[in-house]
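Please look over the sequence and the model before reading on.

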Amino acid sequence: MVPTAPVVPATPVAPAAPQPVKPAKAVAPRPVVRPLPATDEDTSGVPCPVCGTPNPAYRRFCRKCAAPLTPATTRERLPWWRTVWPFRRRTRGGSGRLARLLVILAVVLALCAAGFLLLPAGRKLIEDTRDKLGTPKAVSPSRVSATAELPGHSARLTTDGLTNRYWAIPGKGAAVTYTFAKPFRFVDVIVTNGASKNAEDYGTQARALHLDMDVFAEDGKVQRKEIDLSDKPGPQPIVVGMSRVTQVRLTLSDPVGLSGGRHVALAEVEFFQRT
């Protein structure tokens, strides 16, 4: 006979201590949808622009989707001149109309006055720009006359294209006049002073260091330009920029080297017009 193991009684387990529990959150009861009887308001009225549901005339928002039944109209875009003071302010009726009218009148008068004052300067600027962009072309006078000249050295020698022949005068204060066949835009002039452009022959005669150039226009107006020449051989360009020219007169003054039987010499004068 097999002996059996003694039965050991189970040790009683102590119950667990109660743990703290968070209080429950109150939850509102869900609304109960109750069907309403259909009325005339449900089938007639202003349709919603979003969902199309009819709405009574007194409602401002849709009873189904809450969309606005009368959306705000967008303002018309102002023209550019209405964005500038004092036109940028939206007004009602005729308020501010007199002030705006006076401002517009003042602006128009100011622009007219500025145009009247600046028109000659603007026109001159345009003509000068055209002179610089264009290519000058030589123009020859149809007649040359002088108040004084020595035999063999007439004033016409200043336009013969040769710089070894010159116009000679016995003293100072003589003038030469160049007349042209038709009016032209006088761009510039090149003056070769003295007896020649060669340095060896330049100092053999006296030279004028100042010219008074009177330019006659077709309408009879005369413009004077004072020119100071350098006491050196070679061509000296002078910018003029005058329109509708018909005649040019040069008066020589301030001579140097006028001693020992010498006379004042002017080798060449070349005129150029705008093409």
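This is a predicted model: local features need pLDDT of at least 70, side-chain atom pairs count only at pLDDT 80 or more; totals for chains, interfaces and linings use all residues.

Residues are numbered from 1 along each chain as its sequence is written, and side-chain values use heavy atoms, with hydrogens and water left out.

**Nonpolar cores**

- The largest nonpolar core has 31 residues. A nonpolar core here is a set of buried Ala, Val, Leu, Ile, Met, Phe, Trp, Tyr and Cys residues joined through side-chain atoms within 4.5 Å. Buried means under 20% relative accessible area, exposed means over 50%, and partly exposed lies in between (1.4 Å probe, protein chains only).
- Phe186, Val189, Met213 and Phe271 have the most contacts inside this core.
- Strands E5 (167-169), E6, E7, E9 (235-256) and E10 (264-274) each supply at least two of the core's residues. Strands (E, at least two residues) and helices (H or I, at least four) are DSSP runs, numbered from the N terminus.
- Another core, of five residues, lies apart from the largest one. Tyr166, Ala168, Ala195 and Ala265 are among its members.
- In soluble globular proteins, nonpolar side chains tend to be buried together.
- Phe186 touches Met213, Val215, Val240, Gly241, Met242, Val245, Val248, Phe271 and Phe272, leaving aside residues up to four places away in sequence. Contact means heavy atoms within 4.5 Å.

**Pockets**

- The largest pocket holds about 480 Å³ of space. Pockets are found on a 1 Å grid over the protein atoms alone: a cavity is a set of points where a 1.4 Å probe fits but cannot get out, while a pocket is an open set with protein on both sides within 12 Å along at least five of seven lines, and lining residues have an atom within 4 Å of a point. Grid points are joined across faces, edges and corners, and a volume is the space filled by probe spheres set on the points.
- Its lining has 16 residues, and the closest to the pocket centre are Arg123, Arg185, Gln223, Met242 and Ser243.
- Helix H2 (97-133) and E9 are the elements that give two or more residues to this lining. H2 provides the largest share, six residues.
- By class, the lining of the largest pocket has five nonpolar, three polar and eight charged residues. Ala, Val, Leu, Ile, Met, Phe, Trp, Tyr, Cys and Pro count as nonpolar, Asp, Glu, Lys and Arg as charged, and the others, Gly among them, as polar.
- The second largest pocket holds about 180 Å³. Residues lining it include Lys124, Asp128, Val187, Asp188 and Val240.
- H2, E6 and E9 each give two or more residues to the lining of the second largest pocket. H2 gives the most, with four.
- Four nonpolar, two polar and five charged residues make up that lining.

- Strand E7 (residues 207-217) pairs with strand E8 (residues 222-228) in the antiparallel sense, over seven bridges. Two strands pair if DSSP finds at least two bridges between them.
- Phe216 has Val222 of E8 as its bridge partner.
- Four residues lie between the strands of the hairpin, where Gly220 takes a positive phi near 95 degrees.

**Two threonines**

- Thr53 sits in the loop between strand E1 (46-47) and strand E2 (54-55). Thr53 is buried, at 13% relative accessible area.
- Thr192 belongs to strand E6 (residues 175-193). Thr192 is buried, at 2% relative accessible area.
- Contacts of Thr192 include Thr163, Lys197, Gly234 and Leu266, not counting residues up to four places away in sequence.

- Most residues other than glycine have a negative phi, and most peptide bonds are trans.
- Ala66 has a positive phi of about 65 degrees although it is not a glycine. Ala66 lies in the loop between E2 and H2, and counts as exposed at 53% relative accessibility.
- Asp254, in strand E9, has a positive phi near 55 degrees.
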